[in-house]
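Try each one before you read its solution.

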Amino acid sequence: MDFIFLVFSSFSLLADPVILTYVILGFVIGTIFAAIPGLTATLAMALLLPLTYTLNVETALMACASIYMAGMCGGSITATTINIPGAPSSMMTALDGYPMQQQGKGALALGHAALGSMFGGAVGALLLIAVAPFVAELSLLVKTTGKFSLLAFALIVVVIAQRGRIPQAGLAACIGLMLATVGLDAMEPVTRFTYGYSNLTAGIDLMPVIIGTFAIAEVLTQASSRADISAATAAASKVKIRRRDFIPPLSDIRKVGFGVYFKSCLIGYFVGTLPGAGGSMGSFLAYTETVRTSDDPESFGKGNPKGIAASESANNAVCGGAMVPMLTFGIPGDPITAIMLGVLVINGIQPGPQLMSDQAGLIAPMLAALLFSAVVLIPLTLWLIGPYFIKIVSVRKDVLYAVIALLAVVGSYVATYSTFQMFMALGMGVLAFYLRRNGFPVITMLLGYILGPNLEEFLRRSLALSNGDPTTFFTNPDSLFFVALTLVFVYFLVIRKPAKAPAAATSK
Amino acid sequence: MLLNRQLVFLYVTLAVSVGYLVTALSLGAPVAENGLTPAFFPILVGGAAIVFCSILILQALRASSEAKAAKSETKSDTGPATPEIRNYTHLWVVVAIFFYILGFKPLGYFLSSGLFVFALILLFSKFDKLLLKALISAAVVGTAYLMFQQLFGVRLPTLWG
């Protein structure tokens with residue numbers, strides 16, 4: 001209860017013009033990046049990560065929260081108006097949003113998307129605020145062996161969630177774990193894989209890994225693809241959106257029904273708590289469930305607002321869900337929460353069970369910003385600059401990528417003022433580019449890199465405590481719980497046949 | 001051709017994984033009297049990476065032979081295939097970033113960044129309107145300088161110290 005009060009009292013921080021400016025700026029930047037096909041809010045956050053060095057940690061986390069929320073709803077703009085989802089999480093929104101646009105109801109579709117995002121974001125944030133303190137208390141019960149099993153569970157789930165490319169995901173996770181073992185050993189004064197190079201003694205820094213993986217790799221991907229954006233630009237120039245058409249009539253909202261919004265929020269929230277699942281899986285499952293339970297399933301894919309509401313409610317509720325494991329166990333659920341974790345680590349804050357009790361004052365403003373972004377910034381941004389957002393697609397790509405490359409390379413210099421980190425970011429960018437090009441999910445590499453040090457430490461400590469007896473992972477109740485949970489996920493994601501996608505989604 | 005490139009990537013990854021495992025083995029015995037040593041985890045990870053690499057190489061080889069068989073069947077029907085157009089812009093971007101980092105401190109932020117942004121704009125567009133692109137580069141570099149140095153207090157190298 002104290003934590004909930006702390007979160008709501010943190011709204012007063014938004015009265016500070018500087019903090020409010022950063023939150024609004026974060027939201028606008030997140031929306032712009034999410035709206036441009038090919039760019040993501042993850043990239044925006046990776047580029048802004050170096051700047052968090054100079055901000056205080058509360059402000060940085062609040063800006064991150066607003067970028068995250070914006071990133072989930074910004075993709076619906078291009079998904080609806082020109083049938084090109086700006087972000088993967090808005091893929092399902094395009095199924096019904098674009099047919100509405102073709103029927104001349106594009107602004108209304110955007111209104112439904114904003115309403116769904118607002119509802120999803122708010123419910124996700126409120127659930128997070130209500131649940132996180134209890135999960136944090138429960139997490140204190142998890143001892144060393146349990147912590148190892150939990151981290152192993154997270155890594156295994158991230159790998160097996162990549163259906164159809166599990167060996168690729170497994171190899172990517174191994175590459176991340178390899179990167180994590182470079183440098184001084186955590187328990188003994190032994191350096192590993194430094195090959196006599198002193199710059200590597202402290203290990204590979206998080207900053208170049210994130211900048212390389214998300215920013216430099218993205219620039220290389222765009223450079224290697226001959227994507228013709230003239231069609232998208234031409235389509236965008238034809239779109240005319242009037243502000244007065246944004247507000248969905250009450251009868252439309254009633255038709256969608258509170259049940260669809262709320263059920264989709266819950267699906268999104270719980271999917272968010274799973275490592276590696278992300279907004280696209282949340283919106284896909286919510287959309288599928290809405291089609292399954294609808295009286296008129298044939299109308300989906302032809303401009304049914306229920307489809308938009310389900311997809312957008314779910315992907316924005318993912319934001320709240322994904323923060324639960326990040327804040328309580330230090331396990332990021334997706335790339336954005338991984339970067340948020342980076343902000344904490346850069347500022348010397350160790351995420352984990354103690355975070356919610358010892359540093360609640362730092363976390364509460366971030367959750368307040370998440371809720372504020374959902375309830376205030378989503379509708380306000382759509383209302384004020386919605387009609388112009390579609391023009392973002394026409395931005396000059398040559399200048400855009402040059403700016404991204406400049407910010408990425410100079411940003412990697414900021415951490416240590418050394419060109420070594422810049423070369424490291426370039427190396428990571430090249431690695432991530434080739435991984436992506438060959439169908440390897442880079443999120444599993446990133447999670448391997450982030451979770452690797454703790455995974456190794458807890459494994460060694462657990463076996464040291466049990467005198468080398470590996471059955472300790474099955475005899476300790478907390479560890480056994482996560483082992484059983486891992487087996488349940490393996491059964492549902494690997495052994496049992498996955499649910500089939502709706503015809504409209506698969507044809508897309 | 002795509003499969004060959006994928007195979008090359010997998011062979012390189014396998015070689016790196018083997019090298020990693022050999023280095024891990026050279027760290028000493030994985031298990032000692034007082035528990036696991038710093039070598040244990042890297043040996044485990046290196047071994048797992050080699051297993052995953054081997055699976056992927058086998059899958060790629062199988063897919064490659066199936067694709068060849070399918071290609072030889074269709075070749076007689078459709079005639080000679082058109083050669084794939086390759087795009088090497090990403091390699092030039094890597095080269096540009098490499099030289100930018102090399103020149104970042106000796107040349108200072110303005111000169112190195114100006115040349116870098118100009119080069120990247122040219123790589124992502126056509127080789128025309130050079131003056132306009134040079135002016136855009138100067139504006140981008142100046143704005144980024146203001147953002148880093150003035151707004152966020154980051155010290156960037158300059159020729160005047």
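**Exercise 1.** Find the mean pLDDT of chain B, and say where in chain B confidence is lowest and where it is highest.

*Solution.* Remember that you're working with a predicted model. Start with the whole chain: the mean pLDDT of chain B is 87, and 91% of its residues reach 70 or more. Next, go element by element. Strand S2 (residues 35-36) of chain B sits lowest, at a mean of 84, while helix H3 (residues 89-123) of chain B comes out highest, at 94. For the model, the scores are ipTM 0.91 and pTM 0.83.

**Exercise 2.** Work out how many residues each chain puts into the contact, and which element of chain A gives the most.

*Solution.* Count first: chain A supplies 46 residues and chain B supplies 45. On the chain A side, the elements giving two or more residues include H8 (166-180), H9 (206-224) and H20 (442-465). H18(A) gives the most, with 12 residues. Finally, sort that side of chain A by type: 30 nonpolar, eight polar and eight charged.

**Exercise 3.** Decide whether H19(A) and H3(B) run roughly parallel or antiparallel.

*Solution.* Take the geometry: the two helices pack at an angle of about 170°, with their axes 9 Å apart. Angles over 145 degrees count as roughly antiparallel, so H19(A) is roughly antiparallel to H3(B). Now look at who touches whom. H19(A) brings residues including Met422(A), Phe423(A) and Leu426(A), and H3(B) brings, among them, Ile97(B), Phe98(B) and Lys105(B). The tally for this helix contact is 10 nonpolar, two polar and one charged.

Note on methods
Residues numbered from 1 in each chain as written. Chains lettered and ligands numbered in written order. Predicted model: local features only at pLDDT ≥ 70, side-chain atom pairs only at ≥ 80, totals over all residues. Contact = placed C-beta atoms within 7 Å. Helix = DSSP H or I, 4+ residues; strand = E, 2+ residues; numbered from the N terminus. Nonpolar A, V, L, I, M, F, W, Y, C, P; charged D, E, K, R; others polar. pLDDT = per-residue confidence, 0-100. Axes fitted to C-alpha atoms, helices over the stretch in contact; angles between N-to-C directions. Parallel < 35°, antiparallel > 145°, perpendicular 65-115°, else oblique.
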